[in-house]
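Try each task before you read its solution.

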Amino acid sequence: MNLYQRVLDDGRFYAVLSAAGFSLKAIFVKLAYAAGPVDALTLLAMRMGLALPLFVWLLWWSRGSGEGALSLLDGGRVLLLGMLGYYLSSLFDFYGLELISAGLERLILFSYPTLVLLLQALVMRERPSRRMLLAIGLCYLGLAVAFVHDLGSAGSRAQVIQGSAWVFASAVTYALYYFGTGVMVRRVGSMRLTALAGGASALMVLVHYGISGDVAELSALPVQIWLYALLMAVLATVLPIYWMALAIQRMGASHTAAVGNLGPVLTLFAAWLLLGEVVSVYQVAGLALVLFGVSRLRPPAK
């Protein structure tokens, strides 16, 4: 077997690609905001509108997976998951990125595995173990270190607090989405569920924008914003989902999740390299605590 084939057969290659793609989303959002006057809803509508044909492609690609037709109840659950995971979660995240740095955004968003485990403990009426509570405590201690640093160095404390609240709301809605996929993925299949939920959420975003936005303004937006929206749709939305599926097929979910812990590190590095965001000792310390806490939880990656 030649080197090229070995790389393609190695799940770690696709897991790294997936983590890198997801980590670039915040970077593209910040670059789009800097390129011209565009609000969160408009940018999200552009991203999901461009991603919709790709979600259709994912659905076509998964057509031979063997799952049967969806029942009416299953269809309703898919719509609910789409509303939580790719519509509300993304919208809240885009609102937050208008106000806070990409590095802080990724750290807050990466807290969602702790929320998933807390939801599971609540629904199953299980008491969290000491190890789980310690890991969750480390995660939020790391978030507190990074948050306090940004709060002290930013021009507007109210802006940092508001932006962080939006991103945490995004983490909550994504945790609800992920928790709900546990049952549905066995009935629908992971790739098919992603395509259906993503396509449904894209339509929700476009309907929202059609009601609240100004479609005529899209033609007046700078070309750079359209370019960043396209890069977001392809490199930071659909392809990472596809790469993650390939990684899970080759190395399993737990190993893919471990590689996914690279996400916040890559976002912090890309924010420094492409956005000129300052990386302080406090941010590095907070990142280390969050990553260590999440690794002890062994969550799935976003």
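A salt bridge here is a side-chain nitrogen of Lys or Arg within 4 Å of a carboxyl oxygen of Asp or Glu. Before you start, note that this is a predicted model: local features need pLDDT of at least 70, side-chain atom pairs count only at pLDDT 80 or more, and totals for chains, interfaces and linings use all residues. Residues are numbered from 1 along each chain as its sequence is written, and side-chain values use heavy atoms, with hydrogens and water left out.

**Exercise 1. Work out the overall make-up of the protein chain.**

Step 1: Count the elements. There are 14 helices and zero strands in the protein chain, where helices (H or I, at least four residues) and strands (E, at least two) are DSSP runs numbered from the N terminus.

Step 2: Check burial. Of the 302 residues, 49% are buried. Buried means under 20% relative accessible area, exposed means over 50%, and partly exposed is in between (1.4 Å probe, protein chains only).

Step 3: Look at the record. The unreviewed UniProt entry lists eight stretches as "transmembrane region", including residues 40-61 and 191-211; such annotations may be inferred rather than shown by experiment, and the positions are in the numbering used here, with feature names shortened. In the model, residues 40-61 are 100% helix and 0% strand, with end C-alpha atoms 31 Å apart. Residues 191-211 are also 100% helix and 0% strand, and their end C-alpha atoms lie 30 Å apart.

**Exercise 2. Find the salt bridges and trace how they connect.**

Step 1: Get the total. The count comes to three salt bridges.

Step 2: Start at Lys25. Its side chain meets that of Asp93 in a salt bridge (2.4 Å, N to O). That pair links distant parts of the chain, with Lys25 in helix 3 (residues 25-35) and Asp93 in helix 5 (residues 72-97), 68 residues apart. Both Lys25 and Asp93 are buried.

Step 3: Look for another partner. Lys25 also forms a salt bridge with Glu105, with the closest N and O atoms 3.8 Å apart. Glu105 lies in helix 6, so this pair ties helix 3 to a part 80 residues away in sequence. Glu105 is buried because its relative accessibility is 0%.

Step 4: Pick up the remaining pair. Arg77 and Asp74 form a salt bridge at 3.8 Å between the closest N and O atoms. Both lie in helix 5, three residues apart, about one turn of the helix. Asp74 is buried at 5% relative accessible area, whereas Arg77 is partly exposed at 35%.

Step 5: Join them up. Salt bridges that share partners put Lys25, Asp93 and Glu105 into one network.

**Exercise 3. Decide whether helix 6 is enclosed or open.**

Step 1: Go residue by residue. Ala102, Gly103, Leu104, Glu105, Arg106, Leu107, Ile108 and Leu109 are buried.

Step 2: Draw the conclusion. Eight of the eight residues of helix 6 (residues 102-109) are buried, so the helix is largely enclosed by the rest of the structure.

**Exercise 4. Place Ala247 in the fold.**

Step 1: Locate Ala247. It lies in helix 11.

Step 2: Check its cover. Ala247 counts as buried because its relative accessibility is 0%.

Step 3: Compare sequence with space. Ala247 and Val16 are 231 residues apart in sequence and 8.9 Å apart in space, C-alpha to C-alpha.
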